[in-house]
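Please examine the sequence and the structure shown below. The paragraphs that follow lead through a few of its residues in turn.

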Amino acid sequence: MLKSSPDRYGAVPVTIHWLTAILIIFALGSGFRAGNALDLSVKADFLRMHIPAAIMVLLLTVLRIVWWWFLDKKPRPVQGAPLWQERLARGVHIAFYVVILGMAASGIGMIVLSGAGPAIFGGAGSGLSDFMQYPPRIPHGLGANFLLALLLAHVGAALYHHFIRRDGLLRRMWYGR
């Protein structure tokens with residue numbers, strides 16, 4: 001079942017979800033490590049891991065948006081969930097999309113403004129500078145922290161539904177019946 005049913009997510013959205021989750025964690029980890037690296041060759045090494053992961057997150061996010069707008073419908077909300085929880089969950093998901101798109105734009109902006117592309121993708125760390133001097137660095141750093149907060153809230157809510165409410169919400173976002 002590739003598409004979602006009224007009660008659970010299909011294989012395509014489940015795959016997009018879990019791949020995106022893994023890549024976000026990897027992109028955040030490598031991005032924070034790159035941001036804190038004092039040695040420019042170490043910074044370049046982390047950016048060589050960070051940028052492809054971030055590009056994949058962007059592509060999967062665009063795919064997810066296209067999937068939901070044009071190809072599939074989301075399952076019904078979990079039975080018994082209060083309206084405020086449904087609205088909060090929707091707001092968190094929209095915030096994920098906005099932050100991810102903003103992070104991609106600011107990341108691309110930093111690479112373009114700094115001219116760091118050859119240093120990152122050419123193999124040598126020379127030519128790489130501290131990104132703090134470029135305006136997109138501030139929203140990129142704030143976005144990373146906000147993305148981390150969203151991720152923690154999302155995981156916390158999923159665990160709450162799984163262990164406290166025991167309403168099957170987490171099972172809906174996995175493969176099978």
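A residue is called buried when its relative accessible area is under 20%, exposed when it is over 50%, and partly exposed in between, with a 1.4 Å probe and protein chains only. The model is a predicted one, in which local features need pLDDT of at least 70 and side-chain atom pairs count only at pLDDT 80 or more, while totals for chains, interfaces and linings use all residues. Residues are numbered from 1 along each chain as its sequence is written, and side-chain values use heavy atoms, with hydrogens and water left out.

Ser4 lies in the segment before α1. Because its relative accessible area is 15%, Ser4 counts as buried. Its side chain reaches the backbone nitrogen of Gly10 at 3.1 Å. Beyond its neighbours within four places in sequence, Ser4 is in contact (heavy atoms within 4.5 Å) with residues including Trp68, Asp72 and Pro75.

Arg8 also belongs to the segment before α1 (11-36). Arg8 is buried yet has no salt bridge, and Asp7, the nearest side chain of opposite charge, is 8.5 Å away; a salt bridge requires a side-chain nitrogen of Lys or Arg within 4 Å of a carboxyl oxygen of Asp or Glu. The side chain of Arg8 reaches the backbone oxygen of Arg171 at 2.6 Å and that of Trp174 at 3.1 Å.

Trp69, by contrast, is found in helix α2. With a relative accessible area of 66%, Trp69 is exposed.

Notes. Helices (H or I, at least four residues) and strands (E, at least two) are DSSP runs, numbered from the N terminus. Lys and Arg count as positive and Asp and Glu as negative; His and the chain ends are not counted. A polar contact is a pair of N or O atoms within 3.5 Å; within protein, one must be able to donate a hydrogen and the other to accept it, and residues adjacent in sequence count only if both atoms are side-chain atoms.
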